[in-house]
Amino acid sequence: MIHAHDSVIVRTLGRILIPVAQLYGCYVIVFGQYGPGGGFVGGVVLAASMILAILIFGQDADDSWLARVALHGDGLGLLIFAGVGGLCLIGGGQFLNYAHLQVPGLDEPARRSLGILATQIGVALDVAVTGISISISLSSEDEDEDEDDSDGEVSHA
Amino acid sequence: MTNQLPILLFLTPFVAGVAMPLLTAKRPGWCRPVTLGTVALLLFLALLNLVHVLTYGPMEYALGGWAAPLGIAWLNDSLAAMLILTVAFVAQVTLLYGYQVTSPGLERSMAYYALVLMLLTGLIGIVFAADLFNLFVFLEVAALAAYALAGAAGGKSAVFAFRYLLLGSLGAALYLLGVGHLYVATGTLNMADLAIRIPGLLSSTAVASGLIYIFLGLSIKMALLPLHGWLPDAYRNAPNAVTPLLAATITKISLAAWVRIEHSLILPGIEVGAVPVLVLLEELGVIAALAGGALALVQTDIKRMFAYAGIGHVGLILVGVSLGNATGFAGGMAYLINDAVMQVALFMIAGALLHLHGVRTLDELRAMQTPSPWLTGSLLVVAIGMVGLPPTGGFFGKWNIVLGALEAEHYLAAFSVLASTLLTLGFFIKVFACWFHAAAADAPAPPEMTAPLSTALGLTAIAIVGLGVFSDPIFHLLVGFASGGGG
């Protein structure tokens, strides 16, 4: 269980830094298809921002509600990943062959762009959730509530 | 749609495993039916895939539509199809068996079922992977699930699972180091592509050391004898419902991964100094087969005894596939499939003994009540298979390894197969001596055996005999694979 930090400096800096970090994380995810970045890195940055929120404001504070909500999204990211890949199968292509995504009104480059973006969001979500659940598991002292190791290990696949 | 079979086989356990926490968070009772249904679907798809491969020949699956040397390819050939069918069968049987024998607390635990499905996902990936790095990723997916499963009982099992984790990670690191060496030297990770480039580069130290690192890494994963330290204790202390699955899959599929690399990269003529590499591998197999059998003979703990028997058989299979001829290769691979089924049966019996009778060691076995005829019958069938008597698949595997050894004029290899057979017979005699002695009247009566447990035992016994009955087509398929047809 992590309790709130009592230093004013830390709390104030946190209020400034956390939104910036989250914005940067989203930017890295979206930018991933054009340059360095992508789902994994973006997910790590997002996770770091939420872990920071937990460390500064405590696990139960209103300010870290996003991290608590994210914990329930265990596995959702991988389902998005597999789902996008599966939609390509329905379109007749191989797994993750985005050219076969059946989206009306989009040409092939746009489909590929959309497909990779959706996949990256899935990866980012999963990496972020895994990061948060690791840090919360490590901080829980005797309560063995967190048994979400089932998804933690596949996030690098 | 049939050309999507490899990915469908992979996605079935993957999606179910990932969705498990979401599906069953409010309804823990759903875990078991969902998992059983998923594995049943997997079994059906695996059968379909085998039929498809036999009809249309091997095929390559390019993920994302990127063709092989550039993208990641999966190879779906007869060997892969058979291995996947074996894995699916073994998983289905273990889950059936788990109905009665699960440790308290594990029964309703969502994590257990999700981990089993993740293990299957990793194993299917290993079998299909035709790319060294892709293989590494799936090795790790399977291994991480296996570590968690081995430690699922908590307490002492967690200690041994942690040791397994450390050694397994060392193996993975060595493997990755080897892959790095090969990538630097050749610029490719695709196995078919490597097979073209490696023969010209064998004088390079980087390539040689890369192959050695890959072999060492996979040796830890397959528990080849000097590197088997993690296995006996991890298997002994893992939950009853977990050990059969781990014993039947992890070491065997890691060995199959090595066989794929060896088959495509190490040609019979390659030598180190004046010694052919294949002969070196074969000698390592001989040592593992003999020492594993001997170590099994001196154990008093039943699960540890069976674990050492499995270690010995890994050596035996390595002997077969390293003989450098198609007969030995087919014998080795046929024995690998048989051994997976036999290991599942052995550890199911050991687990049932522990769960129903509270028996862990041979002395306790001597002092227990007469066991159920299902257990006795199934142990008899497994013993016949492990020793290698004709109606079972074990016989045909060993027979062809011996034939291959004689064909290659490697008499030491032929001797090791026969000697390991004798050692296997030896420890089964020890077990049976205690087993049929068991008639203590004062021991408490064991709880009833439920239908899923006896079904699981019956199914494996049928499979052991069935693999013997159908050994001829299996053997011809594998000979065809070994002589380069691929399926």
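1. Contacts come first. Two residues are in contact if their C-beta atoms, placed from the backbone, lie within 7 Å. By that test, B:L149 touches B:L115, B:L119, B:A238, B:V242 and B:L246, with residues up to four places away in sequence left out.

2. What kind of model is this? This is a predicted model, where local features need pLDDT of at least 70, side-chain atom pairs count only at pLDDT 80 or more, and totals for chains, interfaces and linings use all residues. Residues are numbered from 1 along each chain as its sequence is written, while chains are lettered from A and ligands numbered from 1 in the order in which they are written.

3. Confidence. The model scores ipTM 0.80 and pTM 0.90. pLDDT is the predictor's confidence in each residue, from 0 to 100. For chain B its mean is 87, and 94% of the residues reach 70 or more. Within chain B, confidence is highest in α5(B), at 93. It is lowest in strand β3 (residues 271–272) of chain B, at a mean of 70. Helices (H or I, at least four residues) and strands (E, at least two) are DSSP runs, numbered from the N terminus. Where pLDDT is low, the predicted coordinates should not be read in detail.

4. Chain A, overall. Chain A has six helices and zero strands. Along the sequence the pattern reads α-α-α-α-α-α. A residue is buried if 20 or more other C-beta atoms lie within 10 Å of its own, exposed if 12 or fewer, and partly exposed in between; the C-beta atoms are placed from the backbone. Of the 157 residues in chain A, 39% are buried. Among chain A contacts with a separation of 6 or more, 61% join residues 24 or more positions apart.

5. Chain A, record against model. An unreviewed UniProt entry lists residues 9–130 of chain A as "domain: Na+/H+ antiporter MnhB subunit-related protein". UniProt positions are given in the numbering used here, feature names are shortened, and annotations may be inferred rather than shown by experiment. In the model, residues 9–130 of chain A are 71% helix and 0% strand, with the end C-alpha atoms 29 Å apart. Under "transmembrane region", the unreviewed UniProt entry lists residues 12–34, 40–57, 78–96 and 116–138 of chain A. Residues 12–34 of chain A are 87% helix and 0% strand, and their end C-alpha atoms are 34 Å apart. Residues 40–57 of chain A are 100% helix and 0% strand, with 26 Å between the end C-alpha atoms.

6. Helix α2(A). Helix α2 (residues 39–57) of chain A has 19 residues. From first C-alpha to last it reaches 27 Å, close to the 27 Å expected at 1.5 Å a residue. The expected span is 1.5 Å times one less than the number of residues. A:G58 follows α2(A), and its phi is positive, near 90°.

7. Positive phi at residues other than glycine. A:L96 is not a glycine, yet its phi is positive, about 65°. A:L96 sits in the loop between α4 (76–90) and α5 (108–139) of chain A. Is A:L96 buried or exposed? A:L96 counts as buried, because it has 25 C-beta neighbours inside 10 Å. In chain B, B:A223 is not a glycine either, and has a positive phi of about 60°. The loop that holds B:A223 runs between α8 (205–222) and α9 (231–237) of chain B. With 28 C-beta neighbours inside 10 Å, B:A223 counts as buried.

8. Where the chains meet. The contact takes 24 residues from chain B and 21 residues from chain A. On the chain B side, the elements that give two or more residues are α1 (5–24), β1 (59–62), α4 (110–128) and α5 (132–150). α1(B) gives the largest share of that side, nine residues. The residues on the chain B side divide into 21 nonpolar, three polar and no charged. Here Ala, Val, Leu, Ile, Met, Phe, Trp, Tyr, Cys and Pro count as nonpolar, Asp, Glu, Lys and Arg as charged, and the others, Gly among them, as polar.

9. The core. A nonpolar core is a set of buried Ala, Val, Leu, Ile, Met, Phe, Trp, Tyr and Cys residues joined through C-beta atoms within 7 Å. The largest one has 230 residues, and B:A142, B:L149 and B:A150 touch the most other members. Its largest share, 20 residues, comes from helix α13 (residues 326–357) of chain B.

10. Helix α16(B). Helix α16 (residues 393–407) of chain B has 15 residues and reaches 21 Å, close to the 21 Å expected. Eleven of the 15 residues of α16(B) are buried, so the helix is largely enclosed by the rest of the structure. Among the buried residues are B:F395, B:F396, B:K398 and B:N400. The buried residues of α16(B) pack against α12 (302–321), α13, α15 (373–387), α17 (411–435), α18 (451–469) and α19 (471–482) of chain B. Just after α16(B), B:E409 takes a positive phi of about 60°.
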